[in-house]
Amino acid sequence: MSTPQPPAAESGSGSILADSTPVSPPSADIPHASPAVQPDGLPTVHPHHDGALFHTRQPETSRETRDIIPAANELGPTGRKTREVPDPTPLPSHGPAKIIAMCNQKGGVGKTTSTINLGASLAAYGRRVLLVDLDPQGALSAGLGVAHHELDLTVYNLLVEPKISADDVIMRTRVDNLDLLPSNIDLSAAEIQLVTEVGREQTLGRVLHPILDRYDYVLIDCQPSLGLLTVNALTCADEVLIPMECEYFSLRGLALLNDTVEKVRDRLNPRLKLAGIVVTMFDARTLHSREVMTRVVEVFGDVVYDTVITRTVRFPETSVAGEPITTWAPKSSGAQAYRALAREVIYRSGP
Ligand SMILES: Nc1ncnc2c1ncn2[C@@H]1O[C@H](COP(=O)(O)OP(=O)(O)OP(=O)(O)O)[C@@H](O)[C@H]1O
Ligand SMILES: [Mg+2]
């Protein structure tokens, strides 16, 4: 398939569910299984109508939309002065992609939420982004409105069938510049099937290699385990970004993750670096959150991003709606925070 063209205007982030119209209930007319194909050949995901079972879009309140990102040199939620990060400059050309594995073996810490929203924010800054769903739960795919259970081709086929290329599986999302390699439960079989392969840890890197030139960032959403799929992500990644829930047990899990990252660096991927740790689900009102934050910064220092993601019900809402918070509630503190994280990620990536 040819290089993706700039996405069509109607697939842009501004066009989807941009008003407060209630989302329609699931309808037999809406084909979830077979994605629409754009003129450039890339299929586009359909709106995820299950959201209507739960709620309609709430207006953004002034409390929510106030600017929560501290200015440079002000004390931020990490307890440090916020470092100055310039606005990203437009890119004259694209690729080759930096691959970032979004990894933490602890479940429910915000890996998938961070993958979707960091990806959408990087895309809003004009970066071409590919999201890879490397979790058989398929939450990344569902979170972007893909009816993943009904897909014929997913990352599973890409990993185990030599004739399938990334182009056969890539979908365009409803966000400009944001593409997806979707997954579903089929992927759970890949871990077993890959065990007997020669170079089993390099499988993902091999299949992604031909398309890296088209993207600026590839973000891989890992499953909550340190099994073979996660090792594949770490083996092909340039960097690992660790989302960490702001609670005591998360700190203990980081030591184990660090061991795995070091082993992969020693044995499989010497260029693997730690991109940073982003603290998620922070609640400034609780002493526990503040204490854990202090400890994380003591232990990991500058590796911890200045951007902190606070706990808000807006994120579970976006999973149901099937779109990033940057389009669901663009002015919300959550959207602002992920845009700030994207600025830090771009800045740390260097020119
Ligand atoms: N900042 C936040 N505030 C409140 N809820 C959040 C926040 N971030 C994520 N969540 C919610 O927490 C749940 C877990 O988040 P998410 O799926 O991103 O975690 P995960 O690390 O990918 O989980 P898993 O390990 O199962 O893959 C989801 O319901 C999500 O909507
Ligand atoms: Mg997840």
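Among contacts in the chain between residues at least 6 apart in sequence, what percentage join residues at least 24 apart? In this predicted model, the share of such contacts that join residues at least 24 apart in sequence is 79%. The chain is built from 13 helices and 9 strands, and of its 351 residues, 47% are buried.

The largest nonpolar core comprises 91 residues, and those with the most contacts inside this core are Ile220 and Ala233. Helix H13, which spans residues 333-349, supplies the largest share of this core, with 8 residues.

Helix H10 covers residues 287-300 and has 14 residues, reaching 20 Å from its first C-alpha to its last, which is close to the 20 Å expected at 1.5 Å a residue. The buried residues of H10 are Ser289, Val292 and Val296; because these cover an arc of only 65° around the axis, they lie on the same side of H10. Leu287, Glu291, Thr294, Arg295 and Glu298, on the other side of H10, are exposed. The packing partners of the buried residues of H10 are strand S8 (239-245), helix H9 (248-267) and strand S9 (273-280). After H10 comes Gly301, which has a positive phi, near 55°.

Around ligand 1 there are 18 residues, of which Gly107, Lys111, Thr112, Thr113 and Pro224 come nearest. Two or more residues of this shell are given by each of helix H2 (111-124) and helix H11 (314-321). Divided by class, the shell around ligand 1 holds 7 nonpolar, 8 polar and 3 charged residues.

Gln137 is located in the loop that runs between strand S4 (129-134) and helix H3 (139-143). In sequence Gln137 is 11 residues apart from His148, and in space the two are 9.6 Å apart, C-alpha to C-alpha.

Technical notes: Residues numbered from 1 in each chain as written. Chains lettered and ligands numbered in written order. Predicted model: local features only at pLDDT ≥ 70, side-chain atom pairs only at ≥ 80, totals over all residues. Helix = DSSP H or I, 4+ residues; strand = E, 2+ residues; numbered from the N terminus. Near = placed C-beta within 6 Å. Nonpolar A, V, L, I, M, F, W, Y, C, P; charged D, E, K, R; others polar. Expected span 1.5 Å × (residues − 1). Buried ≥ 20, exposed ≤ 12 C-beta atoms within 10 Å, placed from the backbone. Arc of directions from axis to C-beta. Contact = placed C-beta atoms within 7 Å. Core = buried A, V, L, I, M, F, W, Y, C linked by C-beta atoms within 7 Å.
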